[in-house]
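Hello,

Here is the structure we discussed, with its sequence. My notes on it follow below.

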Amino acid sequence: MIAPHALRFGLSLPNRAVLFGLPVEVLLQTAEQADASGWFDSVWVGDNFLSKPRLEAIVTLSAIAGRTSKVRLGTVCMASFPLRHPLTLAIQWASLDVLSGGRTILVVCNGGSKSMGGAFATELAASGVLSSERVGRVEEGIEVLRLFFGQDPVTYQGKFYSFENVNVLPKPVQARVPIGIAVNPHTEVDPATEERFLRRVARLADAWQTDAVDPEVFRRRWARIQEYAEEYGRAGEVNDAQLHLMVNINEDADRAQRESVEFLEHYYGQGTIDDALLKNWLAFGPPESVIEKLGVFIEAGYTTPILRFTSLDQRGQLERCVNEVLPAFRDRMVPPGQ
C-alpha cells in the first residue's frame, strides 16, 4: 500500500565516484537523462571538503544547471556548511539560483565531529572551526542566509558572525530558497538530544533529510517535528521529508548487494558498510523488491525519496528505474517542477 501523499523523486549523483572510476561526463549525462525522463523532480550531489573528497558541490551543480532545464538542484547534506562563511556562500548560492532559473534546494548539516578522528578532525583543524561550534554555526548560518537572500541590508550580531548594513547581490530568483536540515542518528539517542535536533529542524528548516533510519523511527520523529513547528508558529512550513536511499536493480539480488557493498566501501571507506546499515539504507534486487522497499518508506511519510544508484553503470540503472520501478508510484507523483 502506498500512502496517500504526493511524491517527488530525486536523483542523487555520486560526485565522489569520479575519484574511483566514474567519468565526469557520465555524471553529467545521467543528470541530462533524468531531466529528460519526466520522472525526476530534482538532482542532488553530496558535499564535503577534506573528509570525503569529491567534486565540489556548488561547482558541480552549476555544470548540471547548464545541462538541464527542469529538475531542481540540491545538496545531499552540505557537510561543509559550518566551515563555509555565510557571506561567500550567500553570493555563490544566489548565483547558482540565478543561473538555474530558480531551481535550487539547499540542505545543510553539521558535518563530522572531531571525535570521528582522521580526516574529520583534520578538516575541522584546517578550517579553524572547533567541533563544538558546528551546531551553532549551522543555526546562525541559516539565519544569516535567510537575511542575505532578502531585500534589505543585513545587520546581524551573533556568536560566530556579525554584519553591519551589508547588502548582498545577486539575490536568488526564488522568493524563498528552500533550506533543509539533514540530521539523522541511525541509532536511538537520549530523549534530550533527540528533542534538540528535532526542534532545530522545526524552528529553522523547510525540509528534513534523513537516511538509513527505521521507517517507524522516522514516522515518530516526523510527527514530532510537525508538533514542534506548530508550537513555533510554523505549522505546515516544514513540509518536505527527504529520504536518501541507495538503490541497485538486478534480478540477481546477491549480485546487487555485492556490487552495492563494493561501491559504497569505495565511496565511504573500507569496513564502513554492514548488514545493519544496509537494512534501511539499500533497496536492491529485482524491480519488484526495490518497489516493495520504497513503498515501505513512502508509507511511513517520506515525500521526496532521493535515489542514488550503487553502481558505476549510472545510466543503465537510471533507465531501469524509470522503466521498471517509478511507474509503480505514478498515481502519487507530482509532475516535475510543480
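Helix α7, residues 215–231, packs with helix α10, residues 287–300, at an angle of about 20°, and the two axes are 9 Å apart. With an angle under 35 degrees counted as roughly parallel, α7 and α10 are therefore roughly parallel to each other. Their crossing is right-handed. On the α7 side the contact is made by P215, F218 and R219, and on the α10 side by V296, F297, E299 and A300. By class, the contact of α7 with α10 has five nonpolar and two charged residues, with no polar ones. Please keep in mind throughout that this is a predicted model.

Helix α2 (residues 57–67) packs with helix α3 (residues 86–99) at an angle of about 15°, with 10 Å between the axes. That makes α2 roughly parallel to α3. The crossing of this pair, α2 and α3, is left-handed. From α2, the residues in the contact are I58, L61, S62 and A65; from α3, they are L89, Q92, W93 and L96. Six residues of the contact of α2 with α3 are nonpolar and two are polar, while none is charged.

Helix α1 (residues 24–37) also packs with α2, here at an angle of about 50° and with the axes 9 Å apart. That angle makes α1 oblique to α2. The crossing of α1 and α2 is right-handed. α1 contributes E25, L27, L28, Q29, A31 and E32 to the contact, and α2 contributes T60, A63, I64 and R67. The contact of α1 with α2 consists of five nonpolar, two polar and three charged residues.

The largest cavity holds about 30 Å³ of space. Its lining is made up of A79, P82, L83, N110, G111, G112, E123, L124 and R134. By class, the lining of the largest cavity has four nonpolar, three polar and two charged residues.

The second largest pocket has about 290 Å³ of space. There are 17 residues in its lining, and those nearest the centre of the pocket are R72, P178, D206, N239 and D240. Strands β7 and β9 (240–249) each supply at least two residues of this lining. The lining of the second largest pocket divides into five nonpolar, six polar and six charged residues.

Finally, two points of backbone geometry.

Most residues other than glycine have a negative phi, and most peptide bonds are trans. Which residue has a positive phi although it is not a glycine? N165 does, with a phi of about 55°. N165 lies in strand β6. As for the peptide bond from L169 to P170, this bond is cis, with omega near 5°. P170 is in the loop between β6 (162–166) and β7 (179–182).

If you open the model, you could start with the helix pairs: α7 with α10 at about 20°, α2 with α3 at about 15°, and α1 with α2 at about 50°.

Best regards

Terms used:
Residues are numbered from 1 along each chain as its sequence is written. This is a predicted model: local features need pLDDT of at least 70, side-chain atom pairs count only at pLDDT 80 or more; totals for chains, interfaces and linings use all residues. Side-chain values use heavy atoms; hydrogens and water are left out. Axes are lines fitted to C-alpha atoms, for helices over the stretch in contact, and angles run from 0 to 180 degrees between N-to-C directions. Helices (H or I, at least four residues) and strands (E, at least two) are DSSP runs, numbered from the N terminus. Angles under 35 degrees count as roughly parallel, over 145 as roughly antiparallel, 65 to 115 as roughly perpendicular and the rest as oblique. A crossing is left-handed if the near helix is turned anticlockwise from the far one by less than a right angle, and right-handed if clockwise. Contact means heavy atoms within 4.5 Å. Ala, Val, Leu, Ile, Met, Phe, Trp, Tyr, Cys and Pro count as nonpolar, Asp, Glu, Lys and Arg as charged, and the others, Gly among them, as polar. On a 1 Å grid over the protein atoms alone, a cavity is a set of points where a 1.4 Å probe fits but cannot get out, and a pocket is an open set with protein on both sides within 12 Å along at least five of seven lines; lining residues have an atom within 4 Å of a point. Grid points are joined across faces, edges and corners, and a volume is the space filled by probe spheres set on the points.
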